[in-house]
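Let's take a walk through this structure together. Please have a look at it first.

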Amino acid sequence: MKRINLALQGGGAHGAFTWGVLDRLLEEDDIEIAAIAGTSAGALNGAALKSGMLEGGRDGARAKLDWLWEQVGAVRSPGLPEWMDAWLPAPGLISQALEVSWPYAVGDGVSRMVSPYAWGALYRNPLESIVAQFNFGKVCATDGPELHICATQVREGKVRIFTGDRISTQAIMASACLPTLFQAVEVEDPETGVTEAFWDGGYTGNPALFPLYRADLPDDIVIININPLVRDQVPVTPPEIQNRINEISFNSSLLRELRAIDFVQRLLSEGRVPEGAMKNVNVHMIADDALMNDLSVATKLVPVPSIIAQLKVAGRRAAGAFLHDHKDDLNVRQTADLRAKFG
């Protein structure tokens, strides 16, 4: 049995890629998911996977993920067959058309000029009706994979991790709270017990990896990336610039943790710290940067059913390729080249 931890990035509707990856991983009976760290869309995916697994095993987890993405705008389960990709407009074309459409332009402009607090009694967070339907008896259970959800405490600007019975509708909504769109979510701070305002966890941990470092958890962390680390083209238009700012911001905390892991690995390999004094983490990554480079913040914010369906297919394809190339490496060696990334 291969035991792994999952680290699920946030990125709005692009979290449908993670849906596809998880759907494929759950087909592998000899891979056990021991713990999950998730932020924003990753928090929703993690909650769906855990609650579904405790309700109906692996098939239950897949069904719950299907339900979640149907709720946020996806086509019906089981999604789009791979062979139909050729019959749909390329995701990049849809993204470009969405960026220049007047409804999106108006909504984007309003979000930059009008505070979400200005709506008064008209304000509502559309995620609440979805998140409230989770079975929190299962989400918070001690059985099944551990679940750690990341949010940003506004007052101090620090990362906070909600786990166990600290996870609630409000905690998940806090993890996905973009402050230009949603009012800060007030929930009890898991460290102080004081009610605080929270914003999206992507600002401080996308996702936070440190909850997965405990000695009793597996050494292997599989990170599902939905925010591209590299864009070869310099952004020149306002939407491109804003999109890249968003990506850099939401990747910065992850890159810091990966750099720290690389540093610890070097200390251990050089014998500068005794073996076992620090966790020797094996990092693996599943991503499709080519696809994500064709998309933008517009398709993160607007859940276009055809793109969500294609993202699921892409996630399944990327997970299948990872398993083909690296399944035997799990619990044996790291497959992400951190030295090349930070050298």
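A residue is called buried under 20% relative accessible area, exposed over 50%, and partly exposed in between (1.4 Å probe, protein chains only). This is a predicted model, in which local features need pLDDT of at least 70 and side-chain atom pairs count only at pLDDT 80 or more, while totals for chains, interfaces and linings use all residues. Residues are numbered from 1 along each chain as its sequence is written, and side-chain values use heavy atoms, leaving out hydrogens and water.

Now to the salt bridges, each a side-chain nitrogen of Lys or Arg within 4 Å of a carboxyl oxygen of Asp or Glu. Side chains of opposite charge can pair when their charged atoms come close. The structure holds 27 salt bridges. One of them joins Arg-272 to Glu-270, with the closest N and O atoms 3.2 Å apart. Glu-270 is partly exposed, at a relative accessible area of 47%, and Arg-272 is exposed, at 59%.

Next, find Arg-316 and Asp-23, which form a salt bridge with their closest N and O atoms 2.6 Å apart. Arg-316 sits in helix 11 (residues 305–326) and Asp-23 in helix 1, so this pair ties together parts that are 293 residues apart in sequence. Helices here are DSSP runs (H or I, at least four residues), numbered from the N terminus. Asp-23 is buried, with a relative accessible area of 3%, whereas Arg-316 is partly exposed, with 25%.

Another salt bridge links Arg-24 and Glu-28 (2.6 Å, N to O). Arg-24 is buried at 19%, and Glu-28 is buried at 13%. Salt bridges with shared partners join a network that includes Asp-23, Arg-24, Glu-28 and Arg-316.

How values were computed. Helix = DSSP H or I, 4+ residues; strand = E, 2+ residues; numbered from the N terminus.
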